[in-house]
Amino acid sequence: MGNTNNGPEESTDLGAVLRNGREILLQGFNWESHKYDWWRNLERKVPDIAKSGFTSVWLPPASNSFSPEGYLPQNLYSLNSSYGSEQLLKALLQKLKQYKVRPMADIVINHRIGTTKGHGGMYNRYDGIPLAWNEHAVTSCTGGLGNRSTGDNFHGVPNIDHSQHFVRMDIIGWLKWLRSVGFQDFRFDFARGYSAKYVKEYIEGAKPIFSVGEYWDSCNYNGHGLDYNQGATAIDKGSLIGLMPRDSSRLHLTSQPRGFFRHDPKHNITMYQEKGAAFQSIEAVKGQFWRLRDPQGKPPGVMGWWPSRAVTFIDNHDTGSTQAHWPFPSNHIMEGYAYILTHPGIPTVFYDHFYDWGNSIHEQIVKLMDIRRRQDIHSRSSVRILESQHNLYSAIIAEKVCMKIGDGSWCPTGREWALATSGHRYAVWQKQ
């Protein structure tokens, strides 16, 4: 996996891994994790995380926060949080380095809670702590004296004005500091809240190894439920294209990866978490597997037309956990993992499923991860969809792995296929 020094060797060695798209991510927390001495808990699990084959662990926001979950940050340079002390965090980061698993920092820079009242009697000043900004660091649309937001507003709290040069320089300095502490990857929270050009600047300044932006668009519904073709909607709205290089076309893609915010693949690859395709898969497992083939015969959404940019997931701290905004149906979890762990894109496994849902689920997910690695399935692997009916989906991936999900009876023809693993409503074959 390469060394873990923050220097040229790291970028070169890991760059080759990333360009090949062999990442498997673990979201290492849920919405309640702050209650459970979290840094210690994760440190105990690092050997198992590494043995299971995860390349990166997405950690919850590590900075001091007004809310215990970490998503209302205040003193960015304080790493004493509800998840544990700075000392315990550094012990965890060191353990991950020892086992060659990269820590991913949750970067919450769309908004920041002030320490004192300023303009308009609002808490939009940051006196007495590092990055002691005044009201000019806060957008005018959220009660500050800065410019208007370059993205969507996160309502109810001061939103940071990224158009201010001093703000961007301070954020880059903080991101570099996080890299020096031991974080190697970044996950940008609420990336739709500020212009992509600023995220590009932050990535180029701090040079994380791998980045993912949380950019969820609203889904389209009709009188009968979720619209069939969500991927085209995101493209037509321009929300997704706005994050991608202007000189790229989905009709003229090359094998060289190009991130949404960064053009240099040696140092960084930036991905996109997609809501539309995730929702399609939620509806699919309920008996609408036809949703997993789009009108062009490809997987829905970004996985279908630019898979190397897609970070796929079943649940996370927002959709599942105790927030349960859009939870994946619990009795179909393994169908979901059989799908994302055999398909292109960069799959993400949710902590709850891996560690809280029992040994059987843990072992089944590890088996699927093993098959993915052994058969060299990666973010750009080809997909040939064979069946997409109401109760059955089947596909051949990279001409090496065949899989099916649903309660429809099906198996591949040809003696070259051997069953690799199976479970409730799913099966995976590999060539023998």
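Guide: A residue is buried under 20% relative accessible area, exposed over 50% and partly exposed in between, using a 1.4 Å probe and protein chains only. Helices (H or I, at least four residues) and strands (E, at least two) are DSSP runs, numbered from the N terminus. This is a predicted model, where local features need pLDDT of at least 70 and side-chain atom pairs count only at pLDDT 80 or more, while totals for chains, interfaces and linings use all residues. Residues are numbered from 1 along each chain as its sequence is written, and side-chain values use heavy atoms, with hydrogens and water left out.

Visitor: How many residues of helix H9 are buried?

Guide: In H9 (residues 333-340), 8 of the 8 are buried, so the rest of the structure largely encloses this helix. The list takes in Glu335 and Gly336 as well as Ile333, Met334, Tyr337, Ala338, Tyr339 and Ile340.

Visitor: And which residues touch the most other members of the largest nonpolar core?

Guide: In soluble globular proteins, nonpolar side chains tend to be buried together. A nonpolar core here is a set of buried Ala, Val, Leu, Ile, Met, Phe, Trp, Tyr and Cys residues joined through side-chain atoms within 4.5 Å. Trp39 and Tyr337 touch the most other members of the largest one, which has 93 residues. Helix H4 (residues 165-181) gives this core its largest share, 7 residues. Leaving out residues up to four places away in sequence, Tyr337 has contacts (heavy atoms within 4.5 Å) with Ile314, Thr342, Thr348, Val349, Phe350, His353, Ile365 and Leu368. There's also a second, separate core of 7 residues, Trp410 and Cys402 among them.

Visitor: Where does helix H2 bend?

Guide: At Lys45, by about 50 degrees, and Pro47 follows within four residues. The bend is the angle between axes fitted to the seven residues ending there and the seven starting there. End to end, the 15 residues of H2 (38-52) still reach 20 Å between first and last C-alpha, close to the expected 21 Å, taking 1.5 Å times one less than the number of residues. Lys45 is itself one of the buried residues of H2, along with others including Trp38, Trp39 and Ile49. That buried set packs against strands E1 (25-27) and E2 (56-58) and helices H3 (86-98), H10 (351-356) and H11 (359-374). Just past H2, Gly53 has a positive phi of about 110 degrees.

Visitor: How many aromatic pairs are there?

Guide: Phe, Tyr and Trp rings (for Trp, the six-membered one) pair if their centres lie within 6.5 Å, with planes under 30 degrees apart called stacked, over 60 edge-to-face and the rest tilted. The count is 13. Tyr126 and Trp133 are edge-to-face, at 5.9 Å and 80 degrees. Tyr351 and Tyr355 are tilted, with 5.2 Å between centres and 45 degrees between planes. These two tyrosines sit 4 residues apart in H10, so about one helical turn separates them.
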